[in-house]
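Subject: Structure for your review

Dear colleague,

I am passing on the structure we spoke about, and I would be grateful if you could look through it alongside my notes. Please find the sequence and the structure here.

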Amino acid sequence: MSTSNWGLRESATFDRQTIAAIQRAAETGIYDIRGGGAKRALPHFDDLLFLGASMSRYPLEGYRERCDTDVVLGSRFAKFPLHLATPVTIAGMSFGALSGRAKEALGRGASEVGTSTTTGDGGMTPEERGQSKHLVYQYLPSRYGMNPDDLRKADAIEVVLGQGAKPGGGGMLLGQKISERVAGMRTLPQGIDQRSASRHPDWTGPDDLAIKINELREITDWEKPIYVKVGATRTYYDVKLACHSGADVVVVDGMQGGTAATQDVFIEHVGIPTLAAIPQAVQALQELDLHRKVQLVVSGGIRNGADVAKAMALGADAVAIGSAALIALGDNDPRLAAEYEALGSAAGFYDDFQDGRDPAGITTQDPELAARFDPVAGGHRLANFLRVMTMEAQTIARACGKAHLQHLEPEDLVAISIEAAAMARVPLAGTSWIPGQGGF
Amino acid sequence: MDPLIFDLSTTPLREVNAALHAADLDGEIVREIVIDKPAGAHSVAVGLDAPVKVSVEGHVGYYAAGMNQQAEVVIAGNAGTGVAENMMSGTVVVRGNASQSAGATAHGGLLVIEGDAAARCGISMKGVDIVVGGNVGHSSAFMAQAGRLVVRGDAGEGLGDSIYETRIYVRGTVASLGADCVAKEMRAEHLEELAGLLKAAGFEGDDLSAYTRYGSARSLYHFHVDNTGAY
Ligand SMILES: Cc1cc2nc3c(=O)[nH]c(=O)nc-3n(C[C@H](O)[C@H](O)[C@H](O)COP(=O)(O)O)c2cc1C
């Protein structure tokens, strides 16, 4: 607030951001496209707390008593499920949205700690395949760069129906980032503003999806786990239908989930919070007797080990991170403050991933900017971050007396707001009241 | 070498596809494979990657010859949704009609449909050549990126909506063109291209002057205020 006049009152309805948005729209005549996830305040993992052990339950000793973290993904039908050392995986982010070196770094970081990384809406690059021990290959509506050779090279296949940032929306990549290499991989003219389809071209609905999944299994001889990724909306139904369609793993991405380029109105107003989606997904799996048989991967606003532990206590088998991984690589680094300001942004606020001018060299295709980013150092930073998240989650699990992260349960949690209690279906702290489920 | 014969009424599809993926299939001699009694099965002969000839003796369900590489697949019947989807190379011929999304997202090779193709023929095609003996349904060549689509009959509504660089040739009428798809001049190089495609597909003797070429006006390539109606 630059004013010292205490008599000025900012409107809660027409606050400065709202005014700026109207002014921007009036000037440009086109909607605002940006990267990142929903910025509005939402009920989230911060609204949950763990009940550590004391008298009625006893804790495990830190460092001395084991608390395992491994997870198997895709054991339902696949011949070769993924066996990961930590349940924190790297979400799909396209080569195109990210530089080839950034993709390589994600592979390096993930492999260093024994977890998986994921391609994205633009195909598989050799850098990424080469550096990723476990690589999940996305199968998207656009099918950019989709080919059976890469399908066979993948360790798992993720059929993407939607993303939390834009459930019901297709991909976007603006001309600045459609470099010769990106254009070649996507079979597009260089420099165009790419809008990709929001529906798959050769199937609609769960019955078709079952046939599609069967085709993918036949092509790859039933070896690879098949994930189905949905943006969180009607999660209870979507998860049930994904299971009926034959998914080995369901990925649910809440509305806080990041994106490389989407309309701001879409990011902020479509979808439901991650917290609200998890219990719906778990209920669907439990009713089908598939909880822990079809694994649930949750993403959208996962930032630290506490978020990991909370997602798992609510019933997730693993989580995926996008935005936090980019930050670990070096995105929004305060050392680049002056450069962010030159772009009209600031360190800590930069979200113009669509623009391709990222001073950190991560969300760009500009060779000079991309060359600034060191994939070895970046990968190591990511590995450090993944280790910290895992250790943080273990710390909490031990405090709750759990010898495996997967032993965390909803009974370990309480909520500190009524909204969070209702969405997460855990009691309001100090009460046994779960809104919507009776009690007091 | 005798053809390898599979009877889908007695052999599980998994066994057939596994045999078609076997490494020793890719021998010196081009092998011939016959798949009998498909009875509308889905995912018949998907994921092939060998220079073999496959004859499917009947109707197939969804995704027949999906992601084909190298193989020459002939379907003596009708094909369900997504025949030759995402094909990379080789040839797929459907002697009957094809359901929707024929050749969807295919990157290469040649797809011939001797009868009609339903809606979304060549949707998001990325380099394949498709020749349809009869008509195509609505939204064909939707967002088509590369490759060529030849229609010897008529095209349904919204042909080539949001098309990128695919070239379309239609002999009959077009119910309507989709956003950013326009009729274009037939120059000598296009007549030559069309003649080559028809020949490769086994349709010779068409009066080439009866065909019209369609392609992208390229006005949606960049976001622009004036295009809001099309977004
Ligand atoms: C730069 C960027 C690019 C992305 N690209 C894709 C993509 O190609 N396919 C996809 O399914 N999701 C994509 N996502 C979404 C992520 O896979 C994931 O759902 C999301 O980032 C998770 O939320 P978080 O960012 O809060 O961790 C992208 C996200 C970001 C930040």
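What follows is a short account of what was found in it.

This is a predicted model, in which local features need pLDDT of at least 70 and side-chain atom pairs count only at pLDDT 80 or more, while totals for chains, interfaces and linings use all residues. Residues are numbered from 1 along each chain as its sequence is written, chains are lettered from A and ligands numbered from 1 in the order in which they are written, and side-chain values use heavy atoms, with hydrogens and water left out.

In chain B there is an open sheet of eleven strands with mixed pairing, in the order 1-2-3-4-5-6-7-8-9-11-10; strands here are DSSP E runs of at least two residues, helices are H or I runs of at least four, and both are numbered from the N terminus. Its edges are strand 1 (4-7) and strand 10 (181-184), each of which pairs on one side only, where pairing requires that DSSP finds at least two bridges between two strands.

Strand 11 (residues 212-216) of chain B runs antiparallel to strand 10, to which four bridges join it, and three bridges join strand 11 to strand 9, again antiparallel. Strand 11 is largely enclosed by the rest of the structure, because four of its five residues are buried (buried means under 20% relative accessible area, exposed over 50%, and partly exposed in between, with a 1.4 Å probe and protein chains only).

Asp154(B) lies in the loop between strand 8 (146-151) and strand 9 (167-170) of chain B, and with a relative accessible area of 31% Asp154(B) is partly exposed. Although Asp154(B) and Thr173(B) are 19 residues apart in sequence, their C-alpha atoms are 4.8 Å apart. Leaving aside residues up to four places away in sequence, Asp154(B) touches Gly134(B), Asn135(B), Val136(B), Gly172(B) and Thr173(B), a contact being heavy atoms within 4.5 Å.

Turning to chain A, Asp150(A) is in helix 4 (residues 148-153) and is buried, with a relative accessible area of 9%. Asp150(A) touches Met124(A), Tyr137(A) and Gly145(A), again not counting residues up to four places away in sequence. Phe14(A), by contrast, lies in the segment before helix 1 (16-28) and counts as partly exposed at 48% relative accessibility.

With best wishes
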